[in-house]
Amino acid sequence: MSSPNLQEIHDFLISLAFKAGDIINNALPDTSGPGSKKNSADLVTEYDRAVENMISTSLKEKYPDYKFHGEETYDPKKPLTDAPTFIVDPIDGTVNFVHSFPYACVSLGFAVNRIPTVGVVFNPSTKTLWSAIRGHGAFRNQSTRLPLKTQGNVTAVEPLSGLSNALIAIEWGSDRSGPNWETKVRTFEKLGKAKEDGGAMVRSFRSLGSAALNMCAVAEGTMDVYWEGGCWEWDVCAAWVILVEAGGMMVDGNPDGWQTSLNGRKYLAIRGAPRESQEEIVREFWSFIQGRLEY
């Protein structure tokens, strides 16, 4: 098998993202209502399936030698391997899509040796595209280089100055019981609580309802940190490339995990900044985690 042509893959994924965006923007109200995979917070619609079918068919026709790993056709008996693989979430933020809240996106990733290598994320409601190739930088709408927050140039990004000055992305997830739920809720409380009561007193939290869009916001520098447990490789693969190419850092969602895996399901994303300040805020964040995420 020849080495993947990453630029060609990048450009083809962008074309598919725009086609998927047309399907999403032209979606008609579903009078039967969305279906659910697990509970009322884990939704799937006919459009999730239609978008994934279009993408998977197109990719298999153009790249028959590469594997495909999609949310709606995921088979737990066929886990992610080191082979070149397209990793796709047709609509990341389905709950937002169902409620007409304009934060849902197409997330198209390509991994080699389970390393995120090409990433394309497109929000059709705002017509915003984020894209990156490993080693070649990250861009918004193919023209604006990320991160957005700089001091005159890309290399002089603003340093991180602690959790008390941080805007942090979090998500509730669809698992609302058990030890992982308790770890999340107690950690949210600890992060938000006043310092005199033992908390971090973070500046504020945001929940965009999409892992990919949360990570793109961190890549841009409009949010500082994103902590998540329970999402999947199709939620993060594309945005992971964009984050790292924008100077960001990805580590494990549990304390002391400086190395994390694509399918590890626990993530802590930090925006671009001098390495020392990134590591400082990682350690500070880990110190407030109440328990461990087990996925």
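The domain bounds used here come from an automatic or database domain assignment. The model itself is predicted. On that assignment, the protein is divided into domain 1, residues 6-145, and domain 2, residues 163-288. Between the C-alpha centres of domain 1 and domain 2 the distance is 22 Å. The two domains are in contact, with 42 residues of domain 1 meeting 25 residues of domain 2.

Of the 21 residues in its lining, I115, W240, V244, M250 and T260 are the closest to the centre. Domain 1 and domain 2 each provide at least three residues of this lining.

| Element | Residues | Supply to the lining |
|---|---|---|
| β6 | 115-123 | at least two residues |
| α6 | 233-245 | at least two residues |
| β13 | 249-252 | at least two residues |
| α7 | 275-287 | at least two residues |

Which element gives the most to the lining of the second largest pocket? Helix α6 does, with four residues.

Helix α6 also packs against another helix. Helix α5, residues 211-220, and α6 pack at an angle of about 5°, and their axes are 8 Å apart. Angles under 35 degrees count as roughly parallel, so α5 is roughly parallel to α6. On the α5 side, the contact is made by A211, A212, M215, C216, V218 and A219. On the α6 side, D235, V236, A239, W240, I242 and L243 make the contact. The residues of this contact between α5 and α6 divide into 11 nonpolar, no polar and one charged. W240 of α6 belongs to this contact, and W240 is also among the residues closest to the centre of the second largest pocket.

Two details of the backbone remain. The peptide bond from L146 to P147 is cis, with omega near 5°. P147 is found in the loop between β9, residues 144-145, and β10, residues 167-169. R114 is not a glycine, yet R114 has a positive phi of about 60°. The loop that holds R114 runs between β5, residues 105-112, and β6.

Terms used: Residues are numbered from 1 along each chain as its sequence is written. This is a predicted model: local features need pLDDT of at least 70, side-chain atom pairs count only at pLDDT 80 or more; totals for chains, interfaces and linings use all residues. Side-chain values use heavy atoms; hydrogens and water are left out. On a 1 Å grid over the protein atoms alone, a cavity is a set of points where a 1.4 Å probe fits but cannot get out, and a pocket is an open set with protein on both sides within 12 Å along at least five of seven lines; lining residues have an atom within 4 Å of a point. Axes are lines fitted to C-alpha atoms, for helices over the stretch in contact, and angles run from 0 to 180 degrees between N-to-C directions. Angles under 35 degrees count as roughly parallel, over 145 as roughly antiparallel, 65 to 115 as roughly perpendicular and the rest as oblique. Contact means heavy atoms within 4.5 Å. Ala, Val, Leu, Ile, Met, Phe, Trp, Tyr, Cys and Pro count as nonpolar, Asp, Glu, Lys and Arg as charged, and the others, Gly among them, as polar.
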